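Have a look at the model first, then we'll dig in.

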Amino acid sequence: EELHVVGVYESAQQANPIDVRVHRAAAPMTVVLSAYSPVTWRLDVAPGARLRRIILNGYEPQRVEGAPEDAEVIDLSGQGRYLSACAYRWPGDDQGCDTQRLVRGLEDLLDMPVTSFQGCYNASEADVSDP
């Protein structure tokens with residue numbers, strides 16, 4: 001199983017959505033969606049993509065739309081619940097976010113290494129697809 005992390009500080013859109021294409025079919029996967037600000041993560045999951053789990057993380061509450069019915073959604077967002085308030089730069093940043101704390105927390109929680117990390121300060125879309 002693969003573990004893919006998408007991290008931003010905030011959405012680039014005023015209404016706060018981020019569109020995430022999940023078109024990777026190589027292996028079963030968990031996708032982590034993490035932001036400091038509230039984000040509505042809108043998933044486009046391709047046929048054949050084996051999305052087993054979605055983990056929401058962030059300082060403010062996160063939402064997900066378009067999750068497959070058979071995918072488990074774990075909500076770790078909101079004050080006092082998150083693994084790290086935010087993580088959008090690898091290996092970390094000097095702005096108060098803690099990417100390595102998020103990675104350690106995920107690897108401990110799921111007992112698997114992070115397969116990929118993509119991040120930026122603000123975004124309107126992300127892509128978890130085959131290379």
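At 8% relative accessibility, Cys 97 counts as buried, where buried means under 20% relative accessible area, exposed over 50% and partly exposed in between (1.4 Å probe, protein chains only). A heads-up: this is a predicted model, so local features need pLDDT of at least 70, side-chain atom pairs count only at pLDDT 80 or more, and totals for chains, interfaces and linings use all residues. Residues are numbered from 1 along each chain as its sequence is written, and side-chain values use heavy atoms, with hydrogens and water left out.

Q: Which cysteine does Cys 86 join in a disulfide?
A: A disulfide here is a pair of cysteine sulfur atoms within 2.5 Å. For Cys 86 the S to S distance is 1.8 Å, and the partner is Cys 97.

Q: Is the disulfide of Cys 86 and Cys 97 left-handed or right-handed?
A: Check the torsion about the S-S bond of Cys 86 and Cys 97. That comes to about -85°, so the disulfide is left-handed.

Q: How many bridges pair β5 with β7?
A: One spot to look at is Leu 56, which stands opposite Asp 75 in β7. Strand β5 (residues 51–58) and β7 pair in the parallel sense, and the bridges number six.

Q: Is Thr 40 buried or exposed?
A: Thr 40 lies in strand β4 (residues 40–45). Its contacts (heavy atoms within 4.5 Å) include Ile 18 and Arg 63, leaving aside neighbours within four places in sequence. Its relative accessibility is 10%, so Thr 40 counts as buried.

Q: What is the relative accessible area of Val 45?
A: Val 45 also lies in strand β4. Not counting residues up to four places away in sequence, Val 45 touches Val 22, Leu 51, Gly 66 and Pro 68. Val 45 is partly exposed, with a relative accessible area of 23%.

Note on methods. Helix = DSSP H or I, 4+ residues; strand = E, 2+ residues; numbered from the N terminus. Pairing = 2+ DSSP bridges.
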